[in-house]
Amino acid sequence: SASRAYKSPTYNTVGLLETPGSVEEERVDSYELGAKMELLGGALRLNTAAFYIDQKNLLTGFVALASGGIVTYDNAGSSEVSGAELDFLWSPMPNLNPGLVLSGAVTYLNTKYTDYKDGRGFDEETGNAFGEGSLTQDPQRDFTGNEIVRSPEWTGSLGINQAFSLGDFGSLELGGDVYYNSGFFFLPQNSDLYAREEYAVFNARVSYFYDPWGLQVTAFGENITDVEYNENVFVADFGRNEVLNSPVVTGLRVKLSF
């Protein structure tokens with residue numbers, strides 16, 4: 001496939017130290033080559049894809065006092081993304097144990113700003129904003145070659161489900177999965193102060209089904225190893241504000257279909 005998409009231009013309407021101005025539209029050209037396959041007599045479904053994305057005038061948000069404490073937007077000159085992804089659904093013993101199903105996915109990303117010479121950000125030592133319109137009037141910095149924000153190099157998941165028939169009493173399903181993220185940067189300057197480190201989250205569940213009543217009861221545990229990471233990092237002139245992820249979450253869900 002080949003496609004082109006646009007994000008409309010906009011205006012920065014508030015500016016204390018600079019004249020508000022327009023921001024150019026973002027243009028994205030995407031190319032993808034992939035395959036969807038059924039193998040092993042239909043027991044394995046495998047999907048793969050390789051892709052390349054070329055971005056012009058990438059819109060990037062920035063928050064600082066000089067912009068009235070609201071989000072303003074810049075255009076990074078250009079950036080590109082290349083990568084590959086794979087996902088599968090596999091029943092390894094379709095005859096001996098048809099209730100066993102394995103699933104997984106993995107994605108690789110190689111991202112970079114290929115032209116971003118007038119970047120705005122926050123100095124790691126002073127915390128002061130730099131770039132156009134900053135209170136200190138510190139010059140812009142060249143972010144060319146840096147990774148694009150919120151773009152982990154590796155992500156992946158792996159899951160296992162086992163279903164059991166209980167005859168006239170319904171059925172039972174046990175499941176578990178793990179999600180991995182190699183981490184990424186929240187700001188184009190690629191500072192470790194404003195980044196998410198790598199992490200892995202484990203989840204588990206057990207479900208009971210009784211079809212005559214349309215009943216499903218699920219007990220679940222999310223992030224069962226209580227991994228801690230920053231769900232979001234908000235940066236402004238007053239410093240860094242981190243929002244942490246949810247801790248261990250356990251619960252019970254009841255679904256009744258009629």
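The model is predicted, so local features are reported at pLDDT of at least 70 and side-chain atom pairs at pLDDT 80 or more, while totals for chains, interfaces and linings use all residues. Residues are numbered from 1 along each chain as its sequence is written, and side-chain values use heavy atoms, with hydrogens and water left out.

Along the principal axes, the C-alpha atoms fill a box of roughly 75 × 40 × 35 Å. Of the 258 residues, 33% are buried, where buried means under 20% relative accessible area, exposed over 50% and partly exposed in between, with a 1.4 Å probe and protein chains only. The protein exposes about 15200 Å², of which carbon and sulfur atoms supply 55%; accessible areas come from the Shrake-Rupley method with a 1.4 Å probe, and for residues only the protein chains shown count as cover. Among contacts (heavy atoms within 4.5 Å) with a separation of 6 or more, 59% are accounted for by residues 24 or more positions apart.

Aromatic pairs are counted for rings of Phe, Tyr and Trp (its six-membered ring) whose centres lie within 6.5 Å, with planes under 30 degrees apart classed as stacked, over 60 as edge-to-face and the rest as tilted. By this rule the count comes to 9 aromatic pairs. One of them joins Y116 and F143 in an edge-to-face arrangement, at 5.4 Å centre to centre and 85° between the planes. Because Y116 lies in the loop between β7 (100–115) and β8 (121–122) and F143 in the loop between β9 and β10, this pair ties together parts that are 27 residues apart in sequence. Y116 is buried at 3% relative accessibility, and F143 is likewise buried at 3%. The rings of F130 and F143 have their centres 6.3 Å apart and their planes at 75°, so this pair is also edge-to-face. F130 belongs to strand β9 and F143 to the loop between β9 and β10, so the pair ties together parts 13 residues apart in sequence. Both F130 and F143 are buried. Ring pairs link Y113, Y116, F130 and F143 into a cluster.

Charged side chains also meet aromatic rings. A charge is taken to sit over a ring if NZ of Lys or CZ of Arg is within 6 Å of the ring centre and within 35 degrees of the ring normal. The charged end of R141 sits over the ring of F130, 3.9 Å from its centre. The charged end of R253 sits over the ring of F220, at 4.1 Å from the ring centre.

Polar contacts are pairs of N or O atoms within 3.5 Å; within protein, one atom must be able to donate a hydrogen and the other to accept it, and residues adjacent in sequence count only if both atoms are side-chain atoms. S78, in strand β6 (residues 71–90), is buried at 10% relative accessibility. The side chain of S78 makes a polar contact of 2.6 Å with the side chain of T114. Apart from neighbours within four places in sequence, S78 is in contact with Q55, K56, Y113, T114 and D115. T218 lies in strand β15 and is buried, with a relative accessible area of 5%. The side chains of T218 and S207 are joined by a polar contact of 2.8 Å. Residues up to four places away in sequence excluded, T218 touches R205, V206, S207, G251, L252 and R253.

Backbone geometry was examined in two loops. Most residues other than glycine have a negative phi. R150, which is not a glycine, has a positive phi of about 55°. R150 is placed in the loop between β9 (129–130) and β10 (154–165) and is partly exposed, with a relative accessible area of 47%. N223 also has a positive phi, near 50°. N223 is situated in the loop between β15 (215–222) and β16 (230–236) and is buried, with a relative accessible area of 4%.

Note on methods. Helix = DSSP H or I, 4+ residues; strand = E, 2+ residues; numbered from the N terminus.
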